Amino acid sequence: MGIVAALAQEGSALVAASRNAEPQAGELGPTGRPLSGFPDPEPLVVHGPARTVAVCNQKGGVGKTTTTINLGAALAERGRRVLLVDFDPQGALSVGLGIQPHDIDNTVYNLLMERDVSAHDVLHKTCVDGMDLMPSNIDLSGAEVQLVHEVGREYVLGGVLKPLVPEYDVIMIDCQPSLGLLTINALAAADGVLIPLECEYFAMRGVALLMETIDKVSRRLNTKLAIDGLLATMYDSRTLHTREVLASMVNGFGDQVFHTVINRTVRFPDATVAGEPITSFDSGSMGANAYRELAKEVLERWRQAGVGHGG
Ligand code: ADP
Ligand code: MG
């Protein structure tokens, strides 16, 4: 290929990646597949029961918390009632929504361990209309050890969330970076798993173990569990290696990889520091629009699968 043609191809890849808000029919997206554009979801007239989604990857720093906050906010913008469950003792989801979890009396830990705490005691409103949070803090790290001795230890989270299922359209559980008992509880409580994968070398390392764990949970504990999708995060179309990593994801997982790709941008850490989703912190940004597009894609997948609140 001549240098001009190569540059032109590079340029069109950049344009496609930067325009994931409004794809043109027939254009190839960053995942190398034609972009179709996702329909605007119908507004809901009735709410609930919720689809519960575990946002899961045992690797840290891949965008689980960022995806939980921003996909949640984008779904709420579409009129969905959203509950975000912070299920990481680090409490990053809570902090990212401007709630300092160390001064909170009732967290997910209390809900799991104390019979007289009800799910409603642990709910907090967020700055996003229609989106609530169940915060966690370092106390939750004790739950893992304590739960080991419980009967039905894998089902404790699912049990305590049950009363809230009729009240929401989507419940998203932000998992900690491990495949320990807390994450198993999230997978046992969930209808679907969403897996963020960072577009970096070694992104695929550990994915086989994650898939094996999901498979075991779906065979032994929770037969309804499905993989809702793999999300490529921190994509940078200017670097060859992130394009290669994305290509290998699509090669390995095909249509399970969302067409929507999240670019690497400093606006995400900036939004975290501000304690807001990017959809309100920098509403017109590429990052905000990428999560809005992901919300449409997720709702369309659920609609096509006949589950959840895609309608
Ligand atoms: P995890 O929950 O998987 O550990 P986070 O969502 O907390 O990952 O992200 C890790 C760090 O990377 C955070 O500082 C976050 O702000 C930042 N980050 C997340 N997504 C992006 C992105 N698309 N571009 C740039 N930085 C990002
Ligand atoms: Mg996190």
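I started with α5 and α7, which pack at an angle of about 85° with their axes 9 Å apart (axes are lines fitted to C-alpha atoms, for helices over the stretch in contact, and angles run from 0 to 180 degrees between N-to-C directions). α5 and α7 are therefore roughly perpendicular to each other (65 to 115 degrees counts as that).

This is a predicted model: local features need pLDDT of at least 70, side-chain atom pairs count only at pLDDT 80 or more, and totals for chains, interfaces and linings use all residues. Residues are numbered from 1 along each chain as its sequence is written, chains are lettered from A and ligands numbered from 1 in the order in which they are written, and side-chain values use heavy atoms, with hydrogens and water left out.

In α5, residues 140-147, they are L140, A143 and L147. Down the helix axis they fall within an arc of 30°, so they line one face of α5 (the arc is that of the directions from the helix axis to the C-beta atoms). Their cover includes β2 (82-87), α4 (108-113), α6 (156-161) and α7 (181-189).

Then I turned to α7 against α8 (residues 207-220): the angle is about 55°, the axes 10 Å apart. That makes α7 oblique to α8 (oblique is whatever is left after under 35 degrees, roughly parallel, over 145, roughly antiparallel, and the perpendicular range). I noted I184, L187 and A188 of α7 touching T213, I214 and V217 of α8 (contact means heavy atoms within 4.5 Å).

Methods: Buried means under 20% relative accessible area, exposed over 50%, partly exposed in between (1.4 Å probe, protein chains only). Helices (H or I, at least four residues) and strands (E, at least two) are DSSP runs, numbered from the N terminus.
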